[in-house]
Amino acid sequence: MSDTLLFVHQAALGAMKRKPRPLARALEFAAEDFDFVPDLSESVLRQRLFEARAGDELSLLWRHILAEWDFASEATWTDAPPRTLERRSHTYKLLDVEPRTAEVLDAIAPVAVEDGPTVISDEFSPWYDARREGWYWPAYRGLLLNKGWKPEAVASLDDATTKVVERLANPSQPEAYQSKGLVVGYVQSGKTANFTGVVAKAMDAGYRLIIVLGGTLNLLRGQTQRRLDMELVGEENILRGRDRNDPEALEDLDYGDDPEWHQGKFLKHGGLPSLLHHFDIERLTTRDYDYKRLQQGISALEFEKKYPHKPLFHSDNLHASKARLMVVKKNKIVLEKLLKDLRKIHTPLDQIPVLIIDDESDQASVNTSNPKKWQEGKAERTAINGLIAQLLAQLPRAQYVGYTATPFANVFIDPSDAVDIFPKDFIISLQRPDGYMGVRDFHDLDSDVPPEERAIANSQEAAHVRGITVGDESDDVFLQQALDMYVLTGAVKLFREQHGLGNDYFRHHTMLVHQSVRVAEHRELSKRLTKMWYESAYMGEAGHQRLRALFASDLKPVSTHHAAGQAVPDTFDELIPCLGPVLVRISGDGGPVITVNGDQDVEKGAADFDKRSIWKILVGGTKLSRGFTVEGLTVTYYRRTTAQADTLMQMGRWFGFRRGYRDLVRLFIGRSEAFGRQTVDLYDAFEAICRDEEAFREELHKYAELVDGKPQVTPAQVPPLVAQHLPWLKPTGANKMYNAELVVVRSPGRRVEPTGYPLKAADLKHNTALWRPLLDLLAPEAAEFFYKPNYVGERPRHYHAFYGAVGHQQLLAVMSDLRWWDPTTFSPHLAYLEELGETPGQVDDWVLLLPGQSAQGRTEASILGARPLPLARRNRRRYPLFGAIMNPEHRQAAYRIAGAPESVGDESADRLARPRRGAVVLYPIVEQDPAELVVAGTIDPTKVVMGFALIPPVVAQGAGRELVRFRTRDSSRPNVPIIDHFVEPS
């Protein structure tokens, strides 16, 4: 039966997409083209929308048009801001609908009042007309809606992509200009969808060469190529006139073995776009083949000019020319081939509007050679960075847009390096998309529930995270639990397919095991897992007992609270019929485990999620991070350490969209992993990264709002963007931080121990004189302190130390005037001490401790007239830096006085401890035998290094919180800070 009501509404609303008009009149006008006119009253509309089931086309039509009106950034019909109740109210007024109709429309399409993307931008000349439909963007938008995207999500994508495209240069303008920007998303959160939309709009606007730098791995490049081919290029451009039903004509088609090609899931334009009065896309790379010099013939890079006497960038030529698209690996050989071919074509390169999209732009693209050596002519740019710079130099009309979830390396680029890729024109931070599982879905950040009251119902950690603590690497208890959970969640997925989701809803079901970067260890782990799998007896009584217990203790309680309407079995017995099919899927086709540590694993189809259904356990390392999507990932077993925050975040493959199984997701993660000489908690590390990211995004948001129509700051003036909440977890690699300047280190309850003391006699005497008044504050008699051993077999010891209290301002006056071998090494700590004094309730005073030395060889001396005090012997280990200053035995008392968590005290330390009090342990240091330096009980102050260690107080507002902040050096202004203040993240 024909849905005439829908067709009339489609015609009426289609005619007023740019501006809402009286609905009744628009429906009446549209109905004139129909032989049968249904009841067009608002009461009928309300009833239809109120009773609509999921997928009802009239309901989707209204949701779509309301979202477009809500999000429109260039709405000439209202002054109300986008995504506001005020805008929606004005919309209803223009539609002239009854209040009851407005209520129903609000119910099916609530106003998306969340903020849009955060934009830090230099001023730009508006040129892009977002209201101009084009061809490829509407096709892409329609495909997303047909795939089930919510209209609000598509409207949000429309808004975000416009904010990127409008900041590129106008492709038709006579003057060449290169815009450089950075788009920051979340790990596995849909960045590809954003840059696909940007490419679509850019091509519609006139950009004719699109170069997508698709990561450094074949598997990621191929995944990106397929996504663009499927959702943007479309069948007709791929076939290039060939008959899709002719097997011989399609022998060399790269998607001949792709199930979704044969299922008709690739975009269809309804004909070759050029035959429909638009322009075609010519692919210069395919899914299986990266750019190969001259493979398509050099003519493939020659641009057609309808009017030879006009430049290519003239609008008369641009819109008559095909667009070229290539997805290339960030590989030296590939990029060199491209550069050589560009030099051979006859089309002047300065006439080609080019868009370069750099996926994972913080990897390989950033120059990691030391800029000082590079500027001195002693070093060259790193390979990929240098080749990108050459591309930009050869293509004056090229626009560069980097995409990443971990932008730390990008913002540390020297902003004055004109040929580098610093995002000088804009930085755009995307919003967390609807349905995304990110850090906040695994951590209880800012939870109002006290830790002791958190449970599965009110805690993300309790619901999804299972800590791994193994003392012996042969201990497989947690690995077995993860394996059991993988089987159990697979059974629940099949149960849900049988109870409403339909067959093959869960095409993929995977488990990821990642605990090493070494290939040899991957092989051993794969063997170990395979052996465990076949010994797990999942169809026997022992296996059933384990799964039954896990169902009762873990899966059922979590799903009861977090299934969000998905089917949940009442008993384990309901899952037993699903176990057999689960085991067959996982064990069949080569066994249960796939090792993925090389491109060949994907090229052979082992982990190609596009070509086949995969229900497997994946073991790997780097190849399974950095942009590669592990489809269907449900259980993760993760124990790999790294010292770089961006590297660690990119390993978080458990982040992403988990439609239909959010409650089944489990993260088994190491809570006490060996890392150098210490052990680290990887779960805490991911939480620290989240806080680092929030601080970064908050900085962007703070300065995004225009003031008097102008930006508060440009990207080159952005204040310290990057925070570091764990001292061992750096924002990015050291070779990407040459331009990063450390500006503040907050360290409540943590030891600060400078070692870079001056060398000059005058500086040493100056420092000694600064400390001299504080020596008179020490009590006349030393107190006895005890040291409790940390290791079995170590004996308790005691020592004596002089002590006294000093006010914060008095100590700060000393710290502020101290001289150093390199002042920048202590200035970040000094910045924190200054903050403490400026914030009420943070610090009252400090206890100054001056410990005695061992009785053997102990020497005392008067310093500048003070009473005799013990001298400490230390050596400069890494000239001019000392080794450790503080004696380990003296730390416990200092930590206790400062209120550090889990500190060990004794009677003397307990007596000195109080809130808002810090500790300073002072060591008058000599660098040779003190007996040779002391004359008549005194010592020359130029021979003394006044070394010390600080323990800032722990207070309620920041107990246990550490924060390191950086800013970027600008080589054009070496002595000028970009912005001289710091913002504590909320």
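## Overall build

Among contacts in the protein chain with a separation of 6 or more, 78% join residues 24 or more positions apart. The model is a predicted one. Its protein chain has 986 residues, and 56% of them count as buried. The secondary structure comprises 30 helices and 30 strands.

## Salt bridges

The salt-bridge count comes to 59. One of them joins the side chains of R88 and D70, at 2.6 Å from N to O. R88 belongs to helix α5 (residues 85-95) and D70 to helix α4 (residues 57-71), 18 residues apart. Both R88 and D70 are buried.

R546 and D484 form another, at 2.9 Å from N to O. R546 is in helix α21 (residues 541-562) and D484 in helix α19, so this bridge ties together parts 62 residues apart in sequence. R546 is partly exposed, with 27% relative accessible area. D484 counts as buried, at 4%.

R639 and E673 also meet in a salt bridge, 2.9 Å from N to O. R639 sits in the loop between β14 (633-638) and α24 (645-650), and E673 in strand β17 (residues 673-675), so the pair ties together parts 34 residues apart in sequence. R639 and E673 are both buried. Elsewhere, salt bridges that share partners join R226, D257, D258, E260, K265, R287, D288, D610 and K611 into one network.

E497 lies in helix α19 (residues 477-501). E497 is buried but has no salt bridge. The side chain of E497 does reach the backbone nitrogen of D504, at 3.4 Å. Leaving aside neighbours within four places in sequence, E497 is in contact with G502, N503, D504, Y505, F506 and R585.

E302 is found in the loop between β4 (281-283) and α13 (315-318). E302 is also buried without a salt bridge, and R324, its nearest side chain of opposite charge, is 7.6 Å away. A polar atom of the E302 side chain lies 2.7 Å from the backbone nitrogen of H346. Not counting residues up to four places away in sequence, E302 touches R324, I345, H346 and T347.

## Aromatic pairs

A search of the whole structure finds 24 aromatic pairs. In one of them, the rings of W771 and F948 have centres 5.6 Å apart and planes at 50 degrees, so the pair is tilted. W771 is in helix α26 (residues 761-775) and F948 in strand β29 (residues 945-951), 177 residues apart. W771 is buried, with a relative accessible area of 0%. F948 is buried, also with a relative accessible area of 0%.

F948 pairs with F826 too: this pair is edge-to-face, 6.0 Å centre to centre, with 90 degrees between the planes. F826 lies in the loop between α27 (808-817) and α28 (827-838), 122 residues from F948 in strand β29. F826 is buried, as is F948. Ring pairs link Y757, W771, W820, F826, F882 and F948 into a cluster.

## Charges over rings

Which charged end sits over the ring of W137? That of K201, 4.5 Å from the ring centre. The charged end of R874 sits over the ring of Y923, 5.2 Å from its centre.

Definitions and conventions
Residues numbered from 1 in each chain as written. Predicted model: local features only at pLDDT ≥ 70, side-chain atom pairs only at ≥ 80, totals over all residues. Heavy atoms only, no water. Helix = DSSP H or I, 4+ residues; strand = E, 2+ residues; numbered from the N terminus. Buried < 20%, exposed > 50% of the residue type's maximum accessible area, 1.4 Å probe, protein only. Lys, Arg positive; Asp, Glu negative; His and termini not counted. Salt bridge = Lys/Arg side-chain N within 4 Å of Asp/Glu carboxyl O. Polar contact = N/O pair within 3.5 Å; in protein donor to acceptor, adjacent residues only side chain to side chain. Contact = heavy atoms within 4.5 Å. Phe/Tyr/Trp six-rings, centres within 6.5 Å; stacked < 30°, edge-to-face > 60°. Lys NZ or Arg CZ within 6 Å of the ring centre and 35° of its normal.
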